[in-house]
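Me: I am new to this structure and would like a short walk through it. Could we start with the terms?

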Amino acid sequence: MALITETYLRARLVSGIPNPFPLSEGDKLTPAAADFLKNRGIATTRLASDPVHLRESAKSGGLTMPVGVSNRHVHLSPEHVEALFGPGYSLTPLRELSQKGQFAAKETVTLVGPKGIIPHVRILGPSRGASQVEISRTDGFTLGIHPEVRLSGNIEGTPGITLVSEKAALVLQQGLIVAKNHVHMSPDDAERFQVVNGDSLIVQTLGDRPVLFADVIVRVNPKFSLDFHIDNDEANAAYLRTGDVVRVIGINGELTGSVRG
Ligand SMILES: [Zn+2]
């Protein structure tokens with residue numbers, strides 16, 4: 001139970017406020033906080049009082065999900081695809097990604113920062129509304145730009161970056177982020193995990209170096225398949241690879257399973 005203030009919500013703007021915003025049993029919004037959400041078109045959702053299902057399944061070994069490690073990549077708006085590759089150009093699918101309809105494109109770009117460059121950075125398709133470049137913190141040191149950790153899509157006020165193709169250069173004014181870890185799930189998976197879109201999971205790795213990810217945002221969509229997305233730095237620190245399995249041991253900050261010693 002908590003009193004949620006506008007100050008608290010403002011502080012959370014940086015990492016992204018989920019929509020709908022989850023409220024636990026007994027949580028109260030101050031009038032200013034309620035206005036704050038309303039003005040941004042963010043709805044609220046009440047969570048069940050106790051994540052009983054999760055607690056029970058955690059006892060019986062826990063719910064697990066596969067890991068997907070995202071290397072640095074670029075999402076482009078249709079206009080920016082044309083700016084980099086020519087009028088009327090569309091991306092060429094190279095291979096499918098774990099999320100339905102998403103693909104790694106044949107096309108790559110070079111990222112150019114004030115301190116250095118990173119060549120051969122994969123573009124992911126299809127093109128989307130706003131261009132976004134996702135790098136690791138380590139990549140940031142190579143480039144000499146240090147973006148914040150943001151949920152994908154939340155790019156307001158983020159730094160820009162220059163992209164270079166074999167044909168053209170394009171200066172993005174904003175859109176460079178270190179992606180916040182998150183899990184994709186279908187509505188069926190969400191029911192199994194007893195979570196709703198915007199919830200946060202506590203995730204434990206099962207390898208030689210047990211690591212807890214304390215705030216993994218849940219994204220629910222009928223098109224999504226279960227996949228826990230982390231970047232290269234997170235994967236390396238936790239000794240994780242794509243296809244490894246991790247265990248969910250808590251929801252919205254509350255542990256529901258035991259932490260392995
Ligand atoms: Zn993802």
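Reply: A residue is buried if 20 or more other C-beta atoms lie within 10 Å of its own, exposed if 12 or fewer, and partly exposed in between, with C-beta atoms placed from the backbone. This is a predicted model, in which local features need pLDDT of at least 70, side-chain atom pairs count only at pLDDT 80 or more, and totals for chains, interfaces and linings use all residues. Residues are numbered from 1 along each chain as its sequence is written.

Me: What share of the chain counts as buried?

Reply: Of its 261 residues, 33% are buried.

Me: Is Leu91 buried, partly exposed or exposed?

Reply: Leu91 is partly exposed, because 19 other C-beta atoms lie within 10 Å.

Me: Which residues does Leu91 touch?

Reply: Leaving out residues up to four places away in sequence, Leu91 touches Val81, Ala105, Glu107, Ile123, Gly125 and Ser127. Touching, or contact, means that the C-beta atoms of two residues, placed from the backbone, lie within 7 Å. Between the C-alpha atoms of Leu91 and Glu107 there are 6.9 Å, although the two are 16 residues apart along the chain.

Me: On to domains: which ones are assigned?

Reply: The chain has domain 1 (3-46), domain 2 (70-179) and domain 3 (181-255), with bounds from an automatic or database domain assignment.

Me: How far apart are the C-alpha centres of domain 2 and domain 3?

Reply: Those centres are separated by 24 Å.

Me: And how many residues are in contact there?

Reply: Twelve residues of domain 2 meet eleven residues of domain 3.
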